[in-house]
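Trainee: I am new to this structure, and I would like to learn how to read its features with some care. Could we go through it together?

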Amino acid sequence: MGKKVDLDDLLDVADVAELIGLSNPKGVSTYQRRYEDFPAPIWASRGGRCQLWLRTDVEKWDRLRTEGDAR
């Protein structure tokens with residue numbers, strides 16, 4: 001059985017961009033390529049055009065990245 005998630009905890013690409021401070025959602029794909037530890041979407045359509053992330057995964061990644069920049 002798959003992982004159960006609260007639908008309110010799912011983020012689309014625009015939500016991810018806003019959460020990590022990007023002005024353009026297209027920047028998320030750049031982050032996916034640039035940062036090997038960037039969270040993988042928990043669901044993606046067959047062509048990959050629609051992707052959904054778990055809010056806690058993105059928040060944790062952003063917090064760790066931000067803390068690393070502060071050092």
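This is a predicted model: local features need pLDDT of at least 70, side-chain atom pairs count only at pLDDT 80 or more; totals for chains, interfaces and linings use all residues.

Trainee: Let me begin with the rings: how many aromatic pairs does a search of the whole structure find?

Mentor: The search of the whole structure finds five aromatic pairs. To name the geometry of a pair, one looks at the angle between the ring planes, and over 60 degrees counts as edge-to-face. Tyr 35 and Trp 61 have ring centres 5.4 Å apart and planes at 65°, so this pair is edge-to-face. The two residues are 26 residues apart in the chain and link distant parts of it, with Tyr 35 in the loop between helix H2 (27-34) and strand E2 (43-44) and Trp 61 in helix H3 (residues 55-70).

Trainee: Is Trp 61 buried or exposed?

Mentor: Here the cut-off matters, because buried means under 20% relative accessible area. Trp 61 has a relative accessible area of 6%, so Trp 61 is buried, whereas Tyr 35, at 26% relative accessibility, counts as partly exposed. Trp 61 also pairs with Phe 38: their ring centres are 4.8 Å apart and their planes stand at 70°, so this pair is edge-to-face as well. This pair, too, links distant parts of the chain, for Phe 38 lies in the loop between H2 and E2 and Trp 61 in helix H3, 23 residues apart. Phe 38 is buried, with a relative accessible area of 7%.

Trainee: Which residues form one aromatic cluster?

Mentor: The cluster is made up of Tyr 31, Tyr 35, Phe 38 and Trp 61.

Trainee: Turning to the sheet, what is the order of its strands?

Mentor: Three strands form an open sheet in the order E1-E3-E2, and their pairing is antiparallel. Strand E1 (10-11) and E2 each have a single partner strand and stand at the edges, which means that one side of each is left without a neighbour in the sheet. E1 pairs with strand E3 (residues 51-54) over two bridges, and Leu 10 has Leu 54 in E3 as its bridge partner. E2 and E3 form a hairpin with six residues between them, and Gly 48 in the turn has a positive phi of about 80°.

Trainee: Finally, how should I read the largest pocket, and what is its volume?

Mentor: The general idea is that rolling a probe the size of a water molecule over the atoms shows where empty space is left. In this structure the largest pocket has a volume of about 190 Å³. Its lining includes Asp 12, Lys 26, Arg 49 and Trp 53, and the lining residues divide into five nonpolar, four polar and three charged. H2 and E3 each supply at least two residues of that lining, and H2 gives the most, with three residues.

Technical notes: Residues are numbered from 1 along each chain as its sequence is written. Side-chain values use heavy atoms; hydrogens and water are left out. Rings of Phe, Tyr and Trp (its six-membered ring) pair if their centres lie within 6.5 Å; planes under 30 degrees apart count as stacked, over 60 as edge-to-face and the rest as tilted. Helices (H or I, at least four residues) and strands (E, at least two) are DSSP runs, numbered from the N terminus. Buried means under 20% relative accessible area, exposed over 50%, partly exposed in between (1.4 Å probe, protein chains only). Two strands pair if DSSP finds at least two bridges between them. On a 1 Å grid over the protein atoms alone, a cavity is a set of points where a 1.4 Å probe fits but cannot get out, and a pocket is an open set with protein on both sides within 12 Å along at least five of seven lines; lining residues have an atom within 4 Å of a point. Grid points are joined across faces, edges and corners, and a volume is the space filled by probe spheres set on the points. Ala, Val, Leu, Ile, Met, Phe, Trp, Tyr, Cys and Pro count as nonpolar, Asp, Glu, Lys and Arg as charged, and the others, Gly among them, as polar.
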